[in-house]
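Grab your viewer and work through these exercises. Each one sets a task, then walks through a solution.

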Amino acid sequence: MSANLIKILSLSILAWVCAIEAGAHEAGAPFSGAFPEPILLHHAHIEDEQRINLVGLKNLRRGEKEVAAFSSSLELAVTWLNDFRFGSEIFIPFSNTGTSNEQLGLGDIEIQPIKYAFLNKPETVVTGVFSLTLPTGDESRGLGGEQTTLGGNLFFDQAYRNWYLGINTEYAASVSGPTFSEFEIAAALAYSFIRETGEGIAPARPNQPLVLTLMLELASESVLTGAEAGENVITLLPGFQLWNPESNWQVRMGVGFPISSDRENDVAGHLQVGNHFDWGQVFK
């Protein structure tokens, strides 16, 4: 497991090293600096992005046993228009959360081929997303569901000076394999300690060495049909983000607590590192 994780981290670090001249928002992005990168939620604003997510799970339910487990995912996003209105994204998961925790394996890959911002203002963004999840995980090892899933998502970002509110709604249903559908709704509230906001919009690239953002997220995942129909997992996650605007690094940490009777694990510790880099510059 450690060797595979090192490979994933190495590839991600190579991408981040290439991006040391970029700002915390991609160069030219018009968005408020009070827009953070939430841990559980997807942000509505569209940018080129590279991010790795690491999660340690306590008391993961595996049949009659409860075990410690680990999961990770690599996120790669790209914009297709200069006005940051249209983009695509891919999520590649690796974990040992299957039937055996001895090896790290590939999970079901999610692709978001279409992300379109219907409303795209510096402090308000509303984005519709079409998603496709592929059965790339090994079902026999418990790492996949042997189903192809289509989803429709609506993401909302709202900033006001140093404050931020984010809302996600997501619906997904299988189109092949075992019957499955689910609905998710989540919200995030955050405050960024940016000194230059004054009475206006927080600058996209604050003139300070470090920006601290405190975040609180609440997410509800409800299974509507399938083998686990009726299950509803509600998670509360307090966390924070550290952002160095000059070097482009963003680091996020948080701890997720299930607050519903339905739960997959007891506690989840999150660590994320990422940046925004325009890969088009590499080919110019």
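**Exercise 1: the cavity**

What volume does the largest cavity have? Work out what lines it, too.

Solution. Some ground rules come with it: this is a predicted model, where local features need pLDDT of at least 70 and side-chain atom pairs count only at pLDDT 80 or more, while totals for chains, interfaces and linings use all residues. Residues are numbered from 1 along each chain as its sequence is written, and side-chain values use heavy atoms, with hydrogens and water left out.

Step 1. A cavity is a set of points, on a 1 Å grid over the protein atoms alone, where a 1.4 Å probe fits but cannot get out. Points are joined across faces, edges and corners, and the volume is the space filled by probe spheres set on them. The largest cavity comes out at about 70 Å³, and searching the whole structure turns up one cavity of 30 Å³ or more.

Step 2. Lining residues have an atom within 4 Å of a point. Here they are His42, His43, Glu49, Arg51, Glu75, Glu89, Phe91, Gln112, Lys115 and Phe155. Two or more of them come from each of β1 (49-62), β3 (86-95) and β5 (110-120); strands are DSSP E runs of at least two residues, helices H or I runs of at least four, numbered from the N terminus.

Step 3. Sort the lining by class: five charged, three polar and two nonpolar. Asp, Glu, Lys and Arg count as charged, Ala, Val, Leu, Ile, Met, Phe, Trp, Tyr, Cys and Pro as nonpolar, and the others, Gly among them, as polar.

**Exercise 2: the nonpolar cores**

Find the residues with the most contacts inside the largest nonpolar core.

Solution. Step 1. Such a core joins buried Ala, Val, Leu, Ile, Met, Phe, Trp, Tyr and Cys residues through side-chain atoms within 4.5 Å. Buried means under 20% relative accessible area, exposed over 50%, and partly exposed in between (1.4 Å probe, protein chains only).

Step 2. The largest core has 25 residues, and Phe31, Phe35, Val125, Tyr164 and Ile194 have the most contacts inside it. At least two of its residues come from each of β6 (124-133), β7 (148-160), β9 (181-192), β10 (211-225) and β11 (232-243).

Step 3. Another core, of six residues, lies apart from this one and includes Val55, Leu60, Ala69 and Ala268.

**Exercise 3: ring pairs**

Which parts of the chain does the Phe31–Phe84 pair tie together?

Solution. Step 1. Rings of Phe, Tyr and Trp (its six-membered ring) pair if their centres lie within 6.5 Å; planes under 30 degrees apart are stacked, over 60 edge-to-face, the rest tilted. The whole structure has six aromatic pairs.

Step 2. Phe31 and Phe84 pair edge-to-face, at 6.1 Å centre to centre with 70° between the planes. Phe31 sits in the loop between α1 (2-17) and β1, and Phe84 in the loop between β2 (65-79) and β3, so the pair ties together parts 53 residues apart in sequence. Both residues are buried.

Step 3. Now try Tyr116 and Phe118: their ring centres are 5.4 Å apart and their planes at 85°, so this pair is edge-to-face. Tyr116 is partly exposed at 33% relative accessibility, whereas Phe118 is exposed at 57%.

Step 4. Ring pairs also link Phe31, Phe35, Phe84 and Tyr164 into a cluster.

Methods: On a 1 Å grid over the protein atoms alone, a cavity is a set of points where a 1.4 Å probe fits but cannot get out, and a pocket is an open set with protein on both sides within 12 Å along at least five of seven lines; lining residues have an atom within 4 Å of a point.
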